[in-house]
Amino acid sequence: MTTSKRKQETQRPSAIAPAVFQQAVEQADIAISITDRDANILYVNPAFTRATGYTAAEVVGANQSLMSNKTTPANVYQSLWELISFGRPWSGRLVNRRKDGGKYLADLLITPVVDAAGKIVNYLGIHRDVTELHRLECEVGNQKALIESVVDAAPVILALLDGAGRVVLDNHEYKKLMGDLRMAEPASLILDAVRVDLGHGLEAPKDGGHAFSEREIRIEAPGAPRWFSCSGMWVRRQDGKADAFFDRDNDLFLLLVAKETTKTRAEQEKARVAALQAMMAEQNHIDGLRETLSAAVFQIEGPINVMSSVLATIARRGNGDPAGQALASALAAGKAALESLRGVIPEQRPESLTAVNLNEVMRDVLDLTTQRLLAAGITVQWRPQAVLPSVNGHPNRLRAMFKALLDNAIEAMNTKGWRERELRVATRSIPGSVEVVVEDSGPGIPADLRLKVFEPFFSTRNAGGHHLGTGLSSAQQVAAEHDGVIEIDPAGNGGCRVRVVLPANGRG
Ligand code: FAD
């Protein structure tokens with residue numbers, strides 16, 4: 001406040017009698033002292049006596065320095081005097097000593113009092129004992145430091161998220177994960193994966209408690225997938241803002257605790273992929289048999305149909321033709337052979353529908369084809385979206401489909417003299433669906449054959465090209481069984497780009 005403004009205020013007529021002011025100061029439950037310009041005490045109120053133990057008679061005429069415990073640093077007093085002697089108020093904490101020798105922490109406000117000319121004539125001191133408050137503040141501070149060091153040293157990932165999903169507290173392990181995943185907030189990624197695993201969002205309850213417990217999630221990290229066992233707890237925190245003082249509504253925070261289980265899972269994965277390899281080899285064998293037998297049936301059906309129509313013509317001409325009878329028995333034998341051939345075609349093994357993570361499927365397929373890729377000198381660029389929504393499907397059928405696509409790509413590039421040998425595999429979620437793109441740098445499929453390749457038993461080899469098309473018709477069948485689509489475009493580098501789009505779980 002400026003001196004002239006203060007002057008105006010002192011000249012303002014008061015509706016309260018001076019005696020009332022005096023009684024108010026006398027009866028105020030806070031220690032008040034009035035001094036001259038040198039801090040010699042002129043007046044103290046009864047609350048001052050209660051706080052310090054000194055009566056008015058004992059301190060009037062003495063200097064305020066009588067209160068000092070002589071342990072407050074000199075620079076504190078210097079800045080105090082610098083301010084007040086320039087007519088500015090000062091507030092701060094000083095270590096004081098009572099009459100009985102007891103020390104206490106005084107929270108002091110000194111206000112210069114000016115006369116009508118704006119000259120400092122007195123100082124008004126108001127102070128209260130804040131020893132207990134300070135002890136509590138220290139305790140809170142110590143506890144905070146202790147909690148922070150425990151949280152930091154914990155061998156698990158910890159992150160506290162506010163209602164808007166911002167991380168307000170984290171620990172060393174969390175920061176390490178940030179570096180590993182090369183991203184700002186891995187917590188949101190982990191929670192996305194938890195939501196996919198749960199199959200629904202996270203509902204904040206009214207009374208706190210567990211949001212989810214020990215959910216195993218997988219994240220496609222750069223290099224290799226990582227697994228985490230995650231739990232989430234709702235934590236209520238009181239809003240410290242002034243306008244929330246009487247409002248009992250608290251902010252709800254989510255404490256995310258994640259323990260990395262990659263080491264154990266990687267071992268299990270190795271065993272699983274080995275079992276998968278054996279199963280896929282057997283499945284391949286059966287599929288090959290089915291395909292060969294189906295092709296044989298397809299080939300025999302042609303002559304049988306011709307025989308049927310010839311026989312029908314002979315029959316129209318009249319009975320008794322011995323050639324017709326011979327043809328009829330040959331046809332019957334042919335049909336019987338066809339039926340027995342159909343009977344030995346192995347049936348598709350039934351597989352139940354389940355939530356499938358296409359990142360896992362693609363990773364399995366890449367693991368299963370690693371040897372072939374290495375042998376063919378093909379470099380692989382695997383670009384998965386870190387967390388994908390699941391699709392509802394038959395995992396083995398999907399694996400077989402993607403393996404066929406990869407096998408085709410390898411075969412297309414693995415021709416003598418072909419230099420460009422790069423396979424790109426990417427996954428991403430698009431509205432309502434999950435997209436998988438398999439792109440090779442082989443010779444590609446000519447535009448006029450791009451639809452034909454989906455016909456059963458078609459191969460671009462038959463058409464004089466280099467790219468093997470076999471398997472695409474069954475791949476299309478698998479995609480269709482999953483309400484998905486499969487398309488072939490030319491890749492940017494002239495190779496073949498196969499795009500598979502399958503509906504995501506939980507789409508609206
Ligand atoms: P001081 O001799 O006071 O010197 C400390 C510093 O202050 C030096 O740099 C000196 O140059 C400067 N200084 C001192 N007097 C003046 C002055 N008149 N003008 C300009 N600079 C000056 N102190 C407490 O410890 N506890 C209290 O509860 C307390 N209450 C106070 C209440 C009021 C209203 C006022 C005006 C002061 C109060 N003080 C209090 C401050 C007190 O007056 C002393 O400055 C302080 O106690 C240090 O005393 P000292 O004898 O160690 O040093």
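Keep in mind that the model is predicted, so local features need pLDDT of at least 70, side-chain atom pairs count only at pLDDT 80 or more, and totals for chains, interfaces and linings use all residues. Residues are numbered from 1 along each chain as its sequence is written, and side-chain values use heavy atoms, with hydrogens and water left out.

**Ligand shell**
- The ligand has 19 residues around it, and Gln 64, Ser 68, Tyr 77, Trp 81 and Asn 96 come nearest (near: a heavy atom within 4 Å of the molecule).
- By type, that shell splits into nine nonpolar, eight polar and two charged residues; here Ala, Val, Leu, Ile, Met, Phe, Trp, Tyr, Cys and Pro count as nonpolar, Asp, Glu, Lys and Arg as charged, and the others, Gly among them, as polar.
- At least two shell residues each come from α5 (74-84), β3 (90-97), β4 (103-114) and β5 (120-129), with helices (H or I, at least four residues) and strands (E, at least two) taken as DSSP runs numbered from the N terminus.
- Helix α5 gives the largest share of the shell, four residues.

- Asn 96 puts a polar side-chain atom 2.8 Å from a ligand nitrogen, within the 3.5 Å cut-off for a pair of N or O atoms.
- For Gln 64, a side-chain N or O atom sits 3.2 Å from a nitrogen atom of the ligand.
- Asp 38 has a polar side-chain atom 3.3 Å from a ligand nitrogen.
- On its own the ligand exposes 910 Å², and the protein buries 72% of that (Shrake-Rupley, 1.4 Å probe).

**Domains**
- The chain is assigned domain 1 (18-131), domain 2 (154-260), domain 3 (264-349) and domain 4 (352-508), with bounds from an automatic or database assignment.

**Val 167**
- Val 167 belongs to strand β7 (residues 167-170).
- Leaving out residues up to four places away in sequence, Val 167 touches Ala 159, Leu 160, Leu 161, Tyr 174, Glu 185 and Ala 187.

Terms used: Polar contact = N/O pair within 3.5 Å; in protein donor to acceptor, adjacent residues only side chain to side chain. Contact = heavy atoms within 4.5 Å.
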